[in-house]
Amino acid sequence: MIESIYPSSEKSGLPPGSLVHIGEVIDTDISLSIIDYGKEKFESKKIDSIDEIIKHKNSQEMTWLIVEGLKNTETVERIGQVFGIHQLVLEDILNTNQRPKFEEYDDHLYIVLKCLLPAVDQFRVNYEQISLLVMNNFVVMFKEKQDTLFDPLQLRIKNSTGKFRGLGSDYLAYTILDYIVDQNFIILDSLDETVNSLEDRLLTDEPTKDMLRSIQRLKREIISIRRYVSPVRELLTEMLRSESYLINENTHIFLRDVSDHTLRVIESIESYRDVLTGLLDIYMSSASNKMNEIMKVLTVFTSIFIPLTFIAGIYGMNFEYMPELHWKWAYPLTWASFLVIPLILFFFFKRKKWL
């Protein structure tokens, strides 16, 4: 058993199915929770041993096992042994750099996707990989860390008095997917506020390097969001096409609804990407206009001083026969020329609205 934390590149050469954690370790501890429910029952508790899961394995009621923290590969392997999960699936669960996907097996379904969570201080997206094993009356969810993300969903199950508790594991999987996808709308609201604020600053203030950095940072965030959100629609399409007995036909209408939500998120992301591209163009145009204004002022001042330089150049030459040098009023007239010519040019440029 290899328990080291490997980056993806260092896994090269290991045999298929090697259980190593790939990616950043968000939570070093591991927590196991079980939610057992039926039409007349709801029980939620923490468990200390994998052996406690076995008695729920063949239960006729729904069981939701939540595994938080992936550093301990032995726990993941033990769960795989209890449910007969292929080593390659367990390998994918431990690789937190997975692209969202859906895989169908004889007695279980494997779903993996990223949950997008907004940061508190500024617009920045945190990612947490969620892996689901969907079996008959049993759903196992693997998370990277311990948090309260799914507490509202657990409360919904607890307060449900009928329909939810009477449906199977496919409906629970749909509910989890729907909850994760709906988190994206929180991200979009935060993104909308950030983009609008940046747009207002760009249109009212002079362009700064801080604005450029903000635009580039947002573009990178959107590229990352799109990379993890776009495949979710493909994932849902594959689920709708699946002929597995684990996905009830009545659940298809709910999966199509999640697919529509995903499409809305993707379209919004594309529109914000276009907006940021436009803001970048506005920034470049504003910066160019600012430079043009500076160059215009410098050019005007240069034009004003060209005649003075010309006069100074003439009388700075060492010719012997320059009658003006012997005039009594030559020096005052020269200074008068130095003063009058710039004033005439200044008012001329002002009249032409070049200044």
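Start by selecting Met135 together with Phe138: in strand S9, Phe138 is the bridge partner of Met135. Strands here are DSSP runs of E with at least two residues, helices are runs of H or I with at least four, and both are numbered from the N terminus.

Before moving on, note that this is a predicted model, in which local features need pLDDT of at least 70 and side-chain atom pairs count only at pLDDT 80 or more, while totals for chains, interfaces and linings use all residues. Residues are numbered from 1 along each chain as its sequence is written, and side-chain values use heavy atoms, leaving out hydrogens and water.

**Stop 1: the strands**

Now colour S8 and S9, which pair in the antiparallel sense over five bridges. Two strands count as paired if DSSP finds at least two bridges between them. Their hairpin has two residues between the strands, and Asn137 there takes a positive phi near 60 degrees.

Click on Cys115 and look across to Glu128, its bridge partner in S8.

Is S8 enclosed or open? Nine of the 11 residues of this strand (residues 125-135) are buried, so the rest of the structure largely encloses S8. Buried means under 20% relative accessible area, exposed means over 50%, and partly exposed lies in between (1.4 Å probe, protein chains only).

**Stop 2: the aromatic rings**

The whole structure holds 10 aromatic pairs. Rings of Phe, Tyr and Trp (its six-membered ring) pair if their centres lie within 6.5 Å; planes under 30 degrees apart are stacked, over 60 edge-to-face, and the rest tilted.

Select Phe150 and Tyr179: their ring centres are 5.5 Å apart and their planes meet at 40 degrees, so this pair is tilted. Phe150 sits in the loop between strand S9 (138-143) and helix H4 (151-159), whereas Tyr179 is in helix H6 (residues 169-204), 29 residues apart. Both Phe150 and Tyr179 are buried.

Then try Tyr174 and Phe254, a tilted pair with 5.1 Å from centre to centre and 35 degrees between the planes. Tyr174 lies in H6 and Phe254 in helix H8 (residues 252-314), so the pair ties together parts 80 residues apart in sequence. Tyr174 is buried at 8% relative accessible area, while Phe254, at 22%, counts as partly exposed.

**Stop 3: a helix with a bend**

Finally, where does H7 bend? Find Arg226, where H7 bends by about 25 degrees, the angle between axes fitted to the seven residues ending there and the seven starting there.
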